[in-house]
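Q: Can we go through this one together? I'd like to start with the strands and then jump around a bit.

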Amino acid sequence: MASHDLIVVGGGPAGYAAALYAASAGLDVGLVERSKLGGTCLHVGCIPAKELLETAAVFKAVGRAGEFGVASSTPTLDMAVVQQRKQGIIDRLAGGLAKLLGSRKVTVYDGSGALGADRTVTVTGGGESATLTGRHIILATGSVPRSLPGIDVDGERVVTSDELLSVESVPASAVVIGGGAIGCEFASMLCDMGSRLTLLEVLPRLLAGADDEVSKQVERSFKRRGMAVHTGVDVTGVEVAGESMRVRFGDGQAVGADLVVVSVGRRPVTDGLGLDGTAVATCERGFLTVDEFCRTGEAGVYAAGDVIATPQLAHVGFAEGILAVQHLLGENPPPIDYANVPWCIYCSPEVAFAGLTEQQAAEAGLDAAVSKHRYAANGRAMIVGETEGFVKVVAERSTDGAAGRLLGVHLVGPWATEQLGQGYLAVNWEATVADVAGLIQPHPTLSELFGETVLSLTGRSLHG
């Protein structure tokens, strides 16, 4: 029976972040992983998805090269090379992670971990069989794609994100079921690669968590690119007849497709986790129940990442893994403010936001001042040839009527995900409009539009 100061079950973002952070603090750490170090994010999530999205962006850019005076032939996609490049990036990152864990003296156990009483973890399968004991345990077993009743995912013609990211050819036509962050990314990618694309969403609008104006901008952009977008519709089934497929939705509507992508969210992985004889509980949706410090009901046992009911974002998993370690070390960390975490969606146009939307501010009873500036008037956006979208800033109005504390920053447009940083910091540091407006923004940049938008909330502006 091996003993560690900390045992982490799961080697995805939350798990490996906790292991690395704890090891750097001097703890003896054991990490149990049943598949591949790096988890969904590295192997069938964030990294491969963004690599394929970048390939789609390059493909589209080459097709527009003539606009810049660059003569080129019509581009074609070699998916074998695309997949080889994607896998090369994954392998380099996975190898680097393994070396980093080794250099921090983290003991990695190959197998599935089941939690038992008295903070024991039984490791089985994968070539390892061991019983571990730990002073503390962090459960970070991640999530897997959900499906819909009546839709059989065969992994070839009807797929989830797991299979789509290894596609060997671009389908002539595709239907993406689900208009959330992942669904919009996949729809955007396939459309830019040349598929005739239909996007189906049960809710009244795409990207339900984003600002309403941002969602409308994305939908307009998708439709301009030839995508058929249907919101507020239920998908009732997928009919497969020989080589043809038809997706039924709405009030008797149907559309044919060569590929169907089911992108309707993810469910937590708790099967095989054991929990017998422990006070670790699950909620009605299957997530492990934790408090604001990621503690479960079992003393010394924490949970982090997609296995708990918080935003299913890799960087949130990183933060939760670190929070749990800080708490078990007795460092009294502040809880994570989930209302202000950064969101990044890599469709085209990109979407990024942090803090309250205009609607959420109103629902919270806050008197909000709002300013919006479009990329269409931004010099750098014109230079790169990407002028769709805008920056929107929501601030709390002070008693004197002036715009004060920043409540939310919302971007939709070129490289929005890379521009969110200063807005995220401003919202989380509770900066005021005056604080930010007094700072110098580099010119010409896409990011200066944030500063310009904030400046206009002072009652004075340049181009607005």
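A: First a definition: two strands pair if DSSP finds at least two bridges between them. Helices (H or I, at least four residues) and strands (E, at least two) are DSSP runs, numbered from the N terminus. This is a predicted model, where local features need pLDDT of at least 70 and side-chain atom pairs count only at pLDDT 80 or more, while totals for chains, interfaces and linings use all residues. Residues are numbered from 1 along each chain as its sequence is written, and side-chain values use heavy atoms, with hydrogens and water left out.

Q: OK. In the hairpin of β5 and β6, which residue takes a positive phi?

A: G125, with phi near 75°. The hairpin has 5 residues between the strands.

Q: How many bridges join β5 to β6?

A: 4, and the two strands run antiparallel. β5 covers residues 120–124. V121 has L132 as its bridge partner in β6.

Q: And in which sense do β1 and β6 pair?

A: Parallel, over 7 bridges, with β1 at residues 2–9. L6 is bridged to H136 of β6. β17 also pairs with β6 in the parallel sense, over 3 bridges. There, I138 stands opposite Y302 of β17.

Q: Is β6 mostly covered or exposed?

A: Mostly covered: 7 of the 10 residues in β6 (130–139) are buried. Buried means under 20% relative accessible area, exposed over 50%, partly exposed in between (1.4 Å probe, protein chains only).

Q: Switching to L275. Where does L275 lie?

A: In the loop between β16 (266–268) and β17 (301–303).

Q: Why does L275 count as buried?

A: Because its relative accessibility is 15%.

Q: What does L275 touch?

A: L115, L139, V280 and L288, leaving aside residues up to four places away in sequence. Contact means heavy atoms within 4.5 Å.

Q: New topic, helix α4. What should its 25 residues span?

A: 36 Å at 1.5 Å a residue, for residues 79–103. The end C-alpha atoms are 36 Å apart, which agrees. The expected span is 1.5 Å times one less than the number of residues.

Q: Which residues of α4 are buried?

A: M79, V82, Q83, K86, G88, I90, A94, L97 and L101.

Q: What do the buried residues of α4 pack against?

A: α1 (13–24), β2 (29–33), α2 (39–44), α3 (46–63) and β3 (107–110).

Q: And what follows α4?

A: K105, whose phi is positive, near 65°.
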